[in-house]
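The sequence and structure come next.

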Amino acid sequence: MRDGVRLSADIYGADPALRKPVLLARTPYDKTGLKQRAEQYARHGYAVVIQDCRGRYASKGVYVPYNNDKQDGYDTLDWIQRQPWSNGRVGMFGGSHLGVVQWLAAAEKAPGLVAIAPAVAPSSLYRVAYRAGVLRLALISSGGTRANDPPPNRTLPSGIDLLHYHLPLLFTPLARLEEAFGWPLPWMTSLLEHPVRDGFWNQTSAEEAIPDSVIPVQILSGYYDFFHHDSVQDFERLRRRKPSRPVQLILGPWTHGGNNRTRTQDVDFGPDAAFDDFAGNLEWFDRFVKQAANTPYPLVRYFSMGDNKWFQAAEWPPRGTAPVSFYLHAGSQAG
């Protein structure tokens, strides 16, 4: 990277004698976990780069979620441009953290980035941490307390899940959560110290760059995903760009990262509910990275719950729909 820190990547399907389009994923969750997906893409004619984010697994440096991903994404794509196996056209894929870093690389106008497919991933960390100014306990109870590992002489408590999911409600003020865990949580406490959208958040936001973005974006989200509202908002921002700029929204009955499942909690939505995100991404990349297809594509693909079928639409919500308010009643009823 530009500051001399070395990041580690695994490369699949590369041939120095043949320049190919490239697909990139940047992950904090161990690049070896994407080996199968990378091999799938490689079989379809892509060179694939899977990189550990700064400070994670085989990569050097210090991990601060999203803080370095604008410049690291830019520098990684700049490096890809100079490789003999790259034709200079790059797409990015992945969900959650892997999706956020796509937004950040796009905001930085990284060289060669011609398409992204962020799944279950908002473009702004502030909107992840705060909704209309209110702290999201779901973030503090999971990502906030997992971002900083315990020191070498400490181990995770046996009841770590209890700490993650219940202490934010039971242990207040939230700024004292470090005491409950027993080690410093600087990333989480820094989010708590900035409840207003000030300059602290600029490095971790791509939201402001969306109106000027020209690259095609495919967004996938679940109705029950805690980033669902943010994903739809990002789609709406992209739609306000020039109409010729490609964008697609895919919505299904899933929780976070559950698009390959048919069941959400105790409801089974039938066999069609599972969505093959690899096939959906591949179709997007073949069209806009390979430039191998020019067939029409639906602006919105959505799963209708109840009849449990997939539909297409030219806008979201689909034309002819109307909002309905539901209210909780006694006896576990809503109406």
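The second largest pocket has a volume of about 440 Å³. A pocket is an open set of points on a 1 Å grid over the protein atoms alone, with protein on both sides within 12 Å along at least five of seven lines, and its lining residues have an atom within 4 Å of a point. Grid points are joined across faces, edges and corners, and the volume is the space filled by probe spheres set on them. This pocket is lined by 23 residues, of which Arg 37, Gly 94, Gly 95, Asn 259 and Asp 277 are the closest to its centre.

This is a predicted model, in which local features need pLDDT of at least 70 and side-chain atom pairs count only at pLDDT 80 or more, while totals for chains, interfaces and linings use all residues. Residues are numbered from 1 along each chain as its sequence is written, and side-chain values use heavy atoms, with hydrogens and water left out.

At least two lining residues of the second largest pocket come from each of helix H1 (35-43), strand E4 (86-95), strand E5 (113-119), strand E8 (217-222) and helix H10 (277-288). Helices (H or I, at least four residues) and strands (E, at least two) are DSSP runs, numbered from the N terminus. The most is given by H1, with four residues. By class, the lining of this pocket has eight nonpolar, twelve polar and three charged residues. Here Ala, Val, Leu, Ile, Met, Phe, Trp, Tyr, Cys and Pro count as nonpolar, Asp, Glu, Lys and Arg as charged, and the others, Gly among them, as polar.

The structure also holds two cavities of 30 Å³ or more. A cavity is a set of grid points where a 1.4 Å probe fits but cannot get out.

| Cavity | Volume | Lining by class |
|---|---|---|
| Largest | about 50 Å³ | nine nonpolar, one polar, no charged |

The lining of the largest cavity includes Trp 103, Ile 116, Ala 206, Ile 210 and Val 217. Helix H3 (residues 97-107) supplies the largest share of that lining, three residues. Around the second largest cavity are Cys 53, Arg 54, Val 62, Tyr 63, Val 64, Asn 68 and Asp 69.

The largest nonpolar core has 48 residues, and Leu 77, Met 92, Trp 103, Leu 113 and Ile 116 touch the most other members. A nonpolar core is a set of buried Ala, Val, Leu, Ile, Met, Phe, Trp, Tyr and Cys residues joined through side-chain atoms within 4.5 Å. The largest share of this core, seven residues, comes from H3. A second, separate core of 21 residues includes Ala 42, Phe 93, Val 114 and Ala 115.

Not counting residues up to four places away in sequence, Trp 103 touches Ile 116, Ala 206, Ile 210 and Val 217, among others. Contact means heavy atoms within 4.5 Å.

Gln 248 lies in strand E9 (residues 247-252) and is buried, with a relative accessible area of 2%. Buried means under 20% relative accessible area, exposed over 50%, and partly exposed in between (1.4 Å probe, protein chains only). The side chain of Gln 248 reaches the backbone oxygen of Pro 298 at 2.8 Å. Beyond four places in sequence, the residues that Gln 248 touches include Val 217, Phe 235, Trp 284 and Pro 298.

Gln 312 is in strand E13 (residues 309-313) and counts as exposed, at 60% relative accessibility. Leaving aside neighbours within four places in sequence, Gln 312 is in contact with Pro 298, Val 300 and Tyr 302. Gln 312 and Tyr 302 are ten residues apart in sequence, and their C-alpha atoms are 6.3 Å apart in space.

Some backbone features remain. The peptide bond from Trp 316 to Pro 317 is cis, with omega near -5°, and Pro 317 lies in the loop between E13 and strand E14 (328-329).

Tyr 66, which is not a glycine, has a positive phi near 70°. Tyr 66 sits in the loop between strand E3 (47-52) and helix H2 (69-81) and is buried, at 13% relative accessible area. Ser 332 also has a positive phi, about 60°, without being a glycine. Ser 332 belongs to the loop between E14 and strand E15 (333-334) and is exposed, with a relative accessible area of 76%.

Notes
Polar contact = N/O pair within 3.5 Å; in protein donor to acceptor, adjacent residues only side chain to side chain.
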